[in-house]
Amino acid sequence: MNKMNTTIKRYGIIGFPLKHSFSPYIHNRAFGDLGIKAVYEKIETEPEKFEEKMAELKSGNLSGLNVTIPYKERILRFIDQIDPYAKAIGAVNTIKCHYDRWTGYNTDWAGFLKPIETDLDSIEKCLITGAGGAARAVAFALLKVKRVEFLWIANRTVQRAEKLVRTLKQHGTIEFRTSDLNEAAECGISFDLIVNTTSVGMSGQKEELIIDPQPISKPGTIIYDLIYNPLETPLLQAAAKLNLKTVNGLPMLIFQAEEAFKIWTGRRFNQNTINHLFDKLPELIR
Ligand SMILES: NC(=O)c1ccc[n+]([C@@H]2O[C@H](COP(=O)([O-])OP(=O)(O)OC[C@H]3O[C@@H](n4cnc5c(N)ncnc54)[C@H](OP(=O)(O)O)[C@@H]3O)[C@@H](O)[C@H]2O)c1
């Protein structure tokens, strides 16, 4: 390796598959805009090669790593120190590497809150559809919101929602409820925030509405779909017809990356980077 290379820091994302990951685009753009000498690459790793790859990475010269599906939980045993939020959520999506000593973080929860930070004072009653990894980060984020007093988690597999609520109860004293999707759709409550964390509505699947927002919303309800491909899911289309505020998964994608970047470099994305990402990613996603 020549002298020049030794000054370039290496970052990456591990997951499988990674074909559609936008993280390299986002971070390489941010490094370039700030003049930071670093590269960020995809480390696509098949499940049966995961342990072997981890051993190789731990003895290598990485400065930081993002972790995505299906490894956000499996990575935990390779972490030497864990941030309290990541520990509570039970999943790590960002690692700061200091030689072979790795510290794990979760930036999904902060990335989720950022696009609605100016609305948080008016959010008391929330509904989450889904109870997978993304739902855990969203639920823990909502536990941190002062005004939130009621959280309903509706999932196709109710037991998974119940398990999530059992964990949440160890961290917050708000009122919880769980059910399947049909019961939530017919509950008659007007929620302040409805968040879809399921993959229903994703491109490549049949056009499906995860839940009809009409009977469970009121003027001012925010409908937030974590999906960013497509940018306007059937849920967001239904919400737009009701003139409700909608948020898609693109800002979360960008801001969870910015949080990881801050952990690694101590710096935020500059405004040009953010503007560029909001302009360019929709084109790349299509
Ligand atoms: N914008 C962002 O930055 C961001 C970040 C993280 C995740 N996401 C998105 O969030 C979504 C979920 O990710 P995840 O990591 O939480 O996945 P996950 O752990 O696999 O959970 C998937 C969830 O979707 C539900 N689901 C799947 N197919 C369904 C169907 N046909 N009908 C009803 N429910 C169904 C599952 O229900 P069961 O429990 O019944 O199987 C489960 O609750 C993905 O679309 C992902 O792209 C976005």
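User: Why is Thr-246 called buried?

Analyst: First, this is a predicted model: local features need pLDDT of at least 70, side-chain atom pairs count only at pLDDT 80 or more, and totals for chains, interfaces and linings use all residues. Residues are numbered from 1 along each chain as its sequence is written. A residue is buried if 20 or more other C-beta atoms, placed from the backbone, lie within 10 Å of its own, exposed if 12 or fewer, and partly exposed in between. Thr-246 has 20 other C-beta atoms within 10 Å, so Thr-246 is buried.

User: Which residues is Thr-246 in contact with, leaving aside its neighbours within four places in sequence?

Analyst: They are Ile-223, Leu-236, Ala-239 and Ala-240. Contact requires C-beta atoms, placed from the backbone, within 7 Å. Thr-246 itself is found in strand S12 (residues 245–247); a strand is a DSSP run of E with at least two residues, and a helix is a run of H or I with at least four, both numbered from the N terminus.

User: What makes up the shell around the ligand, by class?

Analyst: The shell has 11 nonpolar, 11 polar and 3 charged residues. Ala, Val, Leu, Ile, Met, Phe, Trp, Tyr, Cys and Pro count as nonpolar, Asp, Glu, Lys and Arg as charged, and the others, Gly among them, as polar.

User: Where do the shell residues come from?

Analyst: At least three come from each of domain 1 (3–106 + 251–285) and domain 2 (110–248). These bounds come from an automatic or database domain assignment. Helices H5 (108–113), H6 (133–143) and H10 (250–265) each supply at least two shell residues.

Definitions and conventions
Contact = placed C-beta atoms within 7 Å.
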